[in-house]
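Hello,

Here is the structure I promised to pass on to you. Please open it beside this email, and I will go through what was found in it.

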Amino acid sequence: MMAVLGLGKREINQHFTIRNAKLISLVLVVLLVIFHTASRYFGGRDSCEWLLSSGRYLGENVWQPYGCMMHKYKSIEAKSCLSKKRVAFLGDSRIRQLFYSFIKIIEPGRREDGKKHADIAFQEKSSSLYVDFLWHPEANNSMTERLVSWTREGSARPDVVILGAATWSIKLHGGSSETLKQYQVNVSAMAVYLERLAQHGEVYWVLQEPVNEELLRKDRKVITNHQLELYNKAAVDALDAAKRNNRSSVKRLAASRKAALETIGQSDDGLHIPEGARDIGAMVLMNALCNKLHRPIDGSCCQTVPSPNLLQKLAVCFFVASALVLLGFYVLGNNRHHHRPVPPDVESLEEKKPASAAAPLGAAALFQAVCKMGIIMAYFYLCDRADLFMKEHKFYTHLTFFIPLIYIFVLGVFYSDNSKETRLLNREQTDEWKGWMQLVILIYHISGASAFIPVYMHVRVLVAAYLFQTGYGHFSFFWLKGDFGLYRVCQVLFRLNFLVLVLCVVMDRPYQFYYFVPLVTFWFGVIYGMMVMWPQILQKRANASGMWHLGVLVKLLVLLLFICALAYSQDFFHAVFSFWPFSKLFEVNGSVYEWGFRWKLDRFAVIHGMLFAFVYLVLQKRQVLCEGKGEALFSAWISSPLFFLAIVTFVTYSVWASGCKNKSECNEMHPYISVVQILAFILIRNIPGYARSIYSSFFAWFGKISLELFICQYHIWLAADTKGILILIPGSPSLNILVSTFIFVCVAHEISVITNDLAQVVIPKDTAALLKRLGGFLVLATLTLFIARDR
């Protein structure tokens, strides 16, 4: 069986290379862009129509419009949007229900205490907002006269009109065909005036929701769903007949009808709509009215595409100019370049040099890398800034998180290989660790699992583990190599920040939005500063005298005190991070709150990693550990109890995290106890000799591009700045995830290669040339900050 599996892996690796995968993903992107462009152009429907007309329940009272995201408006947002407006609801008792749901968004404590068959007025004085319900149970002359009065010159017409009626006409006239014909005539007469009102405001005709025929009173039994469908058709035909320029200005609200189709069984009397369905109708209306004004990130329905800002336009010019230069190279025949290896992960324990030195990157290859980056950035922009691809909300269920989790771990076991080295936390093992953690985090993000606190707490440990590895890897490098040169620093900073800085410009996002990169960049600077600070204590010096080990511990203690001062003194924290221009790196919407929250959550993880690296390297140097192939890490009388203790500790933390009821309280404990879970995992993974002898090449492959995966997910896998999910294949969630994930992974890998290529040119080894480049970068960064500041 193992031989068959091994043969299967070889065949897969032979025929399905990363190069072929990238070509397939490029073809898929082109086809998808053509498909969605044609759908928008020939389909004649936009996200506002999707919002008003169609959708589905994701779960109880969670409504998902087709292809776009609906924002959940709060009172202050609704008041701001509707300030100084007049909204009028005309219709029967079901329109009155919609009216109450609408004003409850504005004033959540509002009670339904108005008279049943009478007009009801609502006023929000602070925003000068008026919302009226006008009792017109039938679409007849009375309703028409009201509309006519609003169209007269000088009349106080509403800014928004929402109307609809049918059930009273059916009930009073026994559902006769003559009444239906008259209803269509009446709506046709009203449609002329509705079109006039729509020229100066917004008009919504509410299609009739279904009824639960079994629960209807005897005098309402004539109101059947078949009759309601006939009346809906009559209204739509009448409105279409009056439309101007082949497009009706009167919008049809059908979403509440769609929602009621699934919830009408919860109606108390079979006629009136359950609260959940009518609340959906009210929120749909609020999104249709306010999304263009407020532009909420998680409300993509009814939004227009904002114009690119100056920085985005300059980025386009730069990429286009690079493409023209590359074209010139091809015309002149100077297009030869060398393929370069995938970059080492700068967060790993060490940076291994390739077996043979790669040839310098030629000018043509440099511009080719820039052009590839430009094409990829265009895809990013189309996915998450342009109104081309669809977006939908996340909705968490245990199955959407745990089933993919099982799949990836089965694949990880399937692709297991013998490790080349058996040291604790060797390169292959750390890549594997990063790989499976990154895949878990990706599944966590796309499934919306943060809503489930036990999963949230375990994923918090994974983020802490990444920072733990940051401390472990960089401390180990400086301790062993003693390389504090400017070239090393710039290489690390470039590889960490290149993609994020490009995205900040192209996607118009603050640096802190990609919070993990600022975190690891900050901590790299802290580690470097501590290690380079006098006295520089390295392994060579410590070998000469054991007293230098005490000096390292003193340095770590000083760092710990600095961390505690930042964490427990709000004034000190703001003084460090809130002055311009450095504040631009740490602020979101003019505040460092988000940075403070992220930083404090894992404030001890890096120093834990540094301390672990120090202890491990000292024990290794003194040959206390047994790291041979197949050997237990310690002697038998230590390994067995320590392994058992690690398992108990690991399980105990999981039990505690699973019992968390409140995120705030558990987050308070997290910085102090996350290291317990991390150390337990390291011991379980490394104490048995056979466990150190194997690793998952599947996870290790993803680990090598873990940084790119983490950043790219924001815009080309998730959507709306991580609030939703990108929909490339509408109507098929499983296929959509497969296709979008495939493209996403290929893009992340290509960006890692591009970053490696550009790093060789942008960061030269010659110190004088490097200083010139840094000077140019500082000038460019200053200009960028001033442009961003003036916007």
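**A sheet and its helices**

One part of the model is an open sheet of six strands with mixed pairing, in the order β4-β5-β3-β6-β7-β8. Two strands count as paired if DSSP finds at least two bridges between them. The names follow DSSP runs numbered from the N terminus: helices are H or I runs of at least four residues, and strands are E runs of at least two. At the edges stand β4 and β8 (250–253), each with a single partner strand, so one side of each has no neighbour in the sheet. On average, neighbouring strands of this sheet are turned by 15° against each other, direction ignored.

Before going further, please keep in mind that this is a predicted model, in which local features need pLDDT of at least 70 and side-chain atom pairs count only at pLDDT 80 or more, while totals for chains, interfaces and linings use all residues. Residues are numbered from 1 along each chain as its sequence is written, and side-chain values use heavy atoms, with hydrogens and water left out.

Now to the pairing itself. Strands of a sheet pair through backbone hydrogen bonds, either parallel or antiparallel. Strand β3 (residues 86–91) runs parallel to β5, and six bridges join them; here F89 stands opposite F133 in β5. Helix α8 (residues 177–198) touches β6 (160–164), β7 (202–206) and β8, and its direction makes about 155° with that of β7. Helix α9 (residues 225–241) touches β7 and β8, with a direction about 160° from that of β8. Touching, or contact, means heavy atoms within 4.5 Å. Axes are lines fitted to C-alpha atoms, for helices over the stretch in contact, and angles run from 0 to 180 degrees between N-to-C directions.

Strand β4 (residues 120–124) runs antiparallel to β5 (residues 129–135), and five bridges join the two. The bridge partner of I120 in β5 is F133. Four residues lie between the strands of this hairpin, and S128 takes a positive phi near 55°.

**Two packed helices**

Helix α18 (residues 516–532) and helix α20 (residues 547–568) pack at about 140°, with axes 10 Å apart. The pair is therefore oblique: angles under 35 degrees count as roughly parallel, over 145 as roughly antiparallel, 65 to 115 as roughly perpendicular, and the rest as oblique. W523, V526, M530 and M531 in α18 meet K555, L556, L559 and I563 in α20.

Most residues other than glycine have a negative phi, and most peptide bonds are trans. A cis peptide bond joins W534 and P535, with omega about -5°; P535 is in the loop between α18 and α19 (539–544). D508, which is not a glycine, has a positive phi of about 55°, and D508 is partly exposed at 29% relative accessible area. T722 has a positive phi near 80° and lies in the loop between β12 (718–719) and β13 (724–727).

Enjoy exploring!

Note on methods: Buried means under 20% relative accessible area, exposed over 50%, partly exposed in between (1.4 Å probe, protein chains only).
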